[in-house]
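Okay, thanks for coming, everyone. Let me put the model up on the screen and then walk you through it.

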Amino acid sequence: MSAQPDHTPGTPYAPAPGAPAELLAQLRADKRADTWVPAFEREWAAALEESRRTFSLAPLYAVVQNWQGRLASAPAVDAFIASGYDDSDFIDMTQLRGRRR
């Protein structure tokens, strides 16, 4: 009997080596750069410290993946806001929780 698994596990997400620098350049070019760049840099610094502590690149990969998602979804969010969305039927969950008490 072999101790080898019958299947090949999926490889976790791993960005290209230059992805963080490319992402930072895209963030700097975005209209939200004044808030997004410092936020990215804070998250990157925290992930870098976590990676040093745990010897894992996963925290760095997660930061890149999260910010790539934010950047990719920004045009859709802008379009939604520009459309004059109606959120009058929004339900505030904190108010609902307060009513049950």
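Predicted model: local features only at pLDDT ≥ 70, side-chain atom pairs only at ≥ 80, totals over all residues.

Residues are numbered from 1 along each chain as its sequence is written, and side-chain values use heavy atoms, with hydrogens and water left out.

By helix I mean a DSSP run of H or I with at least four residues, numbered from the N terminus.

Still, H3 has a bend of about 40° at Ala 74, with Pro 75 following within four residues. That bend is the angle between axes fitted to the seven residues ending there and the seven starting there. After H3 comes Gly 84, which has a positive phi, near 70°.

Which residues of H3 are buried? Those are Leu 60, Val 63, Val 64, Trp 67, Leu 71 and Ala 74. The cut-offs are under 20% relative accessible area for buried, over 50% for exposed, and partly exposed in between, with a 1.4 Å probe and protein chains only. The buried residues of H3 pack against H1 (19-29) and H2 (33-54), where contact means heavy atoms within 4.5 Å.

Now, the charges. Side chains of opposite charge can pair when their charged atoms come close. How many salt bridges do we have? Seven, in this structure, counting a side-chain nitrogen of Lys or Arg within 4 Å of a carboxyl oxygen of Asp or Glu.

One of them joins Glu 41 and Arg 28 at 3.5 Å, N to O. It links distant parts of the chain, with Glu 41 in H2 and Arg 28 in H1, 13 residues apart. Glu 41 is partly exposed at 36%, and Arg 28 is exposed at 51%.

Then there's Lys 31 with Asp 78, also 3.5 Å, N to O. Lys 31 sits in the loop between H1 and H2 and Asp 78 in H3, so this pair ties together parts 47 residues apart in sequence. Lys 31 is exposed at 64%, whereas Asp 78 is partly exposed at 26%.

Asp 30 and Arg 32 pair at 2.8 Å, N to O. Here Asp 30 is buried at 17%, and Arg 32 is buried at 16%. Finally, Asp 30, Lys 31, Arg 32 and Asp 78 are linked in a salt-bridge network.

Conventions
Helix = DSSP H or I, 4+ residues; strand = E, 2+ residues; numbered from the N terminus.
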